[in-house]
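I opened this notebook page to record what I looked up about how two parts of one chain meet. The entries follow the structure.

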Protein chains: 2
Amino acid sequence: MAQQHLDPTDPSLAGPVTGDALAGYLRAQATEFLRALRQHRESGGTATAGAVGAEEPVDAARALRRSVRRISASLHTFRPLLDADWSESLRPELAWLSGTLGMEHAYESRLERLLLALHRLSGAVFPTQADRVTPPPSAPDRGNLTVGAAKAGALLDRQLTLARTRAHSTALQALGSSRFHAVADSIAVLASEVPLTQKATTTDLLPYATAAQDRLQDAATALPLVTAGHPYNAEALIHGLSPDPSPHPQDAPWHQVRLLLRLHRYAQEVLEGAACADVRLLTAGQALDRHRDASEAAAAAASAARTPRIAPATAYALGVLHADQRHEVEAARFAFQQCWQKETVRM
Amino acid sequence: MAQQHLDPTDPSLAGPVTGDALAGYLRAQATEFLRALRQHRESGGTATAGAVGAEEPVDAARALRRSVRRISASLHTFRPLLDADWSESLRPELAWLSGTLGMEHAYESRLERLLLALHRLSGAVFPTQADRVTPPPSAPDRGNLTVGAAKAGALLDRQLTLARTRAHSTALQALGSSRFHAVADSIAVLASEVPLTQKATTTDLLPYATAAQDRLQDAATALPLVTAGHPYNAEALIHGLSPDPSPHPQDAPWHQVRLLLRLHRYAQEVLEGAACADVRLLTAGQALDRHRDASEAAAAAASAARTPRIAPATAYALGVLHADQRHEVEAARFAFQQCWQKETVRM
């Protein structure tokens with residue numbers, strides 16, 4: 001600390017980062033949104049994700065969501081620096097758009113995750129982390145799916161493809177709606193003119209970014225990290241056979257930290273630029289993404305098992321699959337704990 | 001090393017441990033066997049394990065198996081020091097006896113393990129390691145079993161209780177058989193007179209004990225310990241849905257190390273006395289016991305799921321249970337790896 005003032009790269013020498021930086025960031029994200037929207041429309045715009053030969057719309061949809069998330073996060077973190085009426089009216093619209101555009105991709109990657117897991121559980125050889133560390137033992141090729149695993153895969157394929165198709169239609173409808181055009185118009189205005197408050201251009205952004213970081217820190221500290229740091233604590237599969245069909249309540253605080261981590265990361269982008277992304281923060285975020293994905297995949301397997309008139313072998317495979325994904329949940333918590341421990345030391 | 005000769009407690013100063021120590025150990029174990037057998041007969045001897053109000057037969061049966069295992073292991077490790085004909089004829093009989101007496105207890109503890117897991121998976125609160133580290137979150141009591149979990153429990157109870165009852169009858173028959181009386185007579189002779197070879201009383205036991213340790217070391221080194229040391233490597237559940245109903249081939253080397261560890265431990269007892277039991281060796285052995293128990297429990301759940309005409313909910317619960325026990329297998333490997341790493345540094 002005593003030497004800090006000698007460091008010529010110390011950002012504190014350059015004066016505080018103010019609302020001007022926020023305006024620049026929001027303009028850039030709005031421009032990014034408009035570019036993605038144009039790309040989406042030029043490429044036909046009939047697909048929002050995943051259709052064969054439709055790489056561009058996938059990228060465009062992802063870019064749309066990417067900028068929407070960042071604008072929405074900045075409106076939240078730096079709320080007092082922005083025109084309140086404008087901000088309050090835009091934020092729910094951005095949340096709606098982000099949610100609507102994300103569903104199709106979510107169902108698609110959930111199905112992919114579950115089918116990959118079914119193959120792995122059937123002994124089909126996929127390159128896993130463990131395989132990379134030591135060569136797999138010369139096991140006989142048990143690669144064919146059992147009847148149960150095959151039927152479970154077909155059932156999940158049917159259910160999640162249906163959900164994905166519906167999400168696709170919903171997204172297409174959304175992109176053609178007047179509600180969407182109103183959001184797009186707002187963002188078009190934002191690309192040239194950011195409605196800052198009068199004092200914003202001279203206000204230091206740091207306290208707001210620090211507050212976002214503190215909220216993350218508090219929420220992460222409240223997580224059961226001691227348990228998560230003990231491998232194989234068997235915590236995530238508690239309630240695995242619970243009669244309550246609601247989502248695992250134990251997952252909610254982790255999902256919350258995932259959102260707070262994102263807010264913190266985007267606030268850092270505003271202050272320091274996107275280039276200086278913190279690798280450990282990204283890794284922690286990826287662990288929480290994996291946590292969310294595995295949690296939802298486990299719920300999808302459990303939900304498929306409640307389909308009437310399925311064969312016992314199908315139900316058995318879905319049970320194994322559910323437990324496998326809940327252990328992925330636990331593994332993701334462990335990975336986050338390991339990462340966060342280092343992160344906290346550094347903070 | 002240079003100071004070792006200054007150490008007055010250095011066992012090398014007392015001269016080598018010879019066949020006399022082996023004879024003393026075998027006499028003690030044989031005496032222990034006869035004591036347990038007498039206790040077993042005095043307590044009625046109708047139960048070999050687990051019956052209500054029959055604590056003594058349980059202890060007696062355990063003591064019988066305990067001494068049989070040690071005699072059998074010593075015959076194996078120090079084979080060249082013992083009369084070959086006698087040794088070769090007694091060893092298969094001891095293996096038969098040990099196996100026969102152990103089955104009832106194995107089925108009993110397998111059922112207990114599976115029912116405990118079903119309750120844990122249903123969210124019924126049991127004190128787990130995690131609970132001890134942090135208090136459980138104020139979760140609503142989801143303690144009641146689902147229909148599927150209850151049915152799975154009833155099915156396992158039926159199947160494993162039947163197996164246990166059969167094992168009980170087999171053990172009772174064995175204890176009344178002429179084959180058993182021949183073994184008991186051999187051990188009675190052993191309690192007073194150990195058939196050592198001529199040179200045995202002057203032969204150093206250490207090379208034989210070291211060879212047993214080397215066999216353990218080699219087998220443990222050949223285990224996939226690098227993978228096992230990565231928590232959540234998802235290795236144990238590979239083939240979890242495999243069409244091949246045979247036991248997991250990946251478990252066999254671990255079972256083998258479990259046996260070699262026991263041989264090493266008993267050889268140490270012969271050389272250094274039972275009192276100086278190595279805590280880390282015991283811990284490693286417990287991890288491998290847990291590995292074996294979880295592996296067999298997982299197989300029992302998978303086997304129960306192949307019962308014809310079970311409900312899908314039952315099959316689902318058995319699938320979750322199977323995966324849970326396979327993760328116990330993986331957790332036990334991790335525990336062994338952690339323990340073995342320290343052990344190897346010390347060796």
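I took contact to mean heavy atoms within 4.5 Å. With that rule, and leaving aside neighbours within four places in sequence, I found Asp324(A) in contact with Ala117(A), Arg120(A), Leu121(A), Leu237(B) and His327(B). I placed Asp324(A) in helix 11 (residues 312-346) of chain A, helices being DSSP runs of H or I with at least four residues, numbered from the N terminus. Asp324(A) counts as buried because its relative accessibility is 3%, the limit being under 20% relative accessible area with a 1.4 Å probe and protein chains only.

I noted that this is a predicted model, in which local features need pLDDT of at least 70 and side-chain atom pairs count only at pLDDT 80 or more, while totals for chains, interfaces and linings use all residues. Residues are numbered from 1 along each chain as its sequence is written, and side-chain values use heavy atoms, with hydrogens and water left out.

I then looked up the domains of chain A, and the assignment, which is automatic or from a database, gives domain 1 (17-204) and domain 2 (205-347). I read that 31 residues of domain 1 of chain A are in contact with 34 residues of domain 2 of chain A.

Across this interface I recorded four salt bridges, each a side-chain nitrogen of Lys or Arg within 4 Å of a carboxyl oxygen of Asp or Glu. I also looked up the salt bridge in which the side chains of Arg113(A) and Glu328(A) meet, at 3.4 Å from N to O.

How values were computed
Chains are lettered from A and ligands numbered from 1 in the order in which they are written. Helices (H or I, at least four residues) and strands (E, at least two) are DSSP runs, numbered from the N terminus. Buried means under 20% relative accessible area, exposed over 50%, partly exposed in between (1.4 Å probe, protein chains only).
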